[in-house]
Amino acid sequence: VQKNYKWMANSPFYQIDLGSNNYPESLVIEKKDGEDWLHVHDDQKKKIFSFHFDVNGKDSLIYKISKKRISSATDLLIIYYYEGNTDFRNFSGSVRLYFLTVDNRDLTTISVHKGPVYWDEREVPGGKNKQKKYAIELIDFNHDGIMEIAVGGKFLSRVYFYKSNGKWVGV
């Protein structure tokens, strides 16, 4: 079902070599009536992949993307997505990580996984805001040649294992 949007705005084409072939693809971030989208375009600027983020309030945005190689066959984009904030009774806002993978330098394998909360802020009694930010590390815990993503802090620790074909398992 094609949705008709009233308001749309696109970012410029941000070049990045996802296929590791020296012909950079492009990322375009798009706002459509308060929805956030990420589009991947091939080296000829043809759209080849689109992903819709889960918005959790106003002012949502992608504010950082980091490219990593997690194995000899898989590249990863860690997308830092501010889900937005709400201020109905108490302020609440969060940043969630999304994992975009490309297997075997083949752009038809692009997949996105919704990961954990990386940062959050909440209003606490007394009108003050409390923030929590978690550390991110890539470590090959099980020595299989594929880096895992560890996200943790004082009270929370999660490890995400890549199982291939865009599938992640968090423990």
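Is D75 buried or exposed? Here are some friendly notes on that residue and on the charged pairs of this model.

1. This is a predicted model, in which local features need pLDDT of at least 70 and side-chain atom pairs count only at pLDDT 80 or more, while totals for chains, interfaces and linings use all residues. Residues are numbered from 1 along each chain as its sequence is written, and side-chain values use heavy atoms, with hydrogens and water left out.

2. To take the opening question: D75 counts as buried because its relative accessibility is 4%. (Buried means under 20% relative accessible area, exposed over 50%, and partly exposed in between, with a 1.4 Å probe and protein chains only.) D75 forms a salt bridge with R69, at 2.8 Å from N to O. R69, with 45% relative accessibility, is partly exposed. A network of salt bridges links R69, D75 and R105.

3. The structure has eight salt bridges, a term that here means a side-chain nitrogen of Lys or Arg within 4 Å of a carboxyl oxygen of Asp or Glu. One of them joins K3 to E35, with 2.6 Å between the closest N and O atoms. This pair connects distant parts of the chain, 32 residues apart: K3 lies in the segment before strand 1 (8-10), and E35 in strand 4 (residues 35-41). Strands (E, at least two residues) are DSSP runs numbered from the N terminus. K3 is partly exposed at 46% relative accessibility, whereas E35 is buried at 15%.

4. D120 and R122 also meet through their side chains in a salt bridge, 3.8 Å from N to O. D120 is buried, at 12% relative accessibility, and R122 is partly exposed, with a relative accessible area of 36%.

Definitions and conventions: Helices (H or I, at least four residues) and strands (E, at least two) are DSSP runs, numbered from the N terminus.
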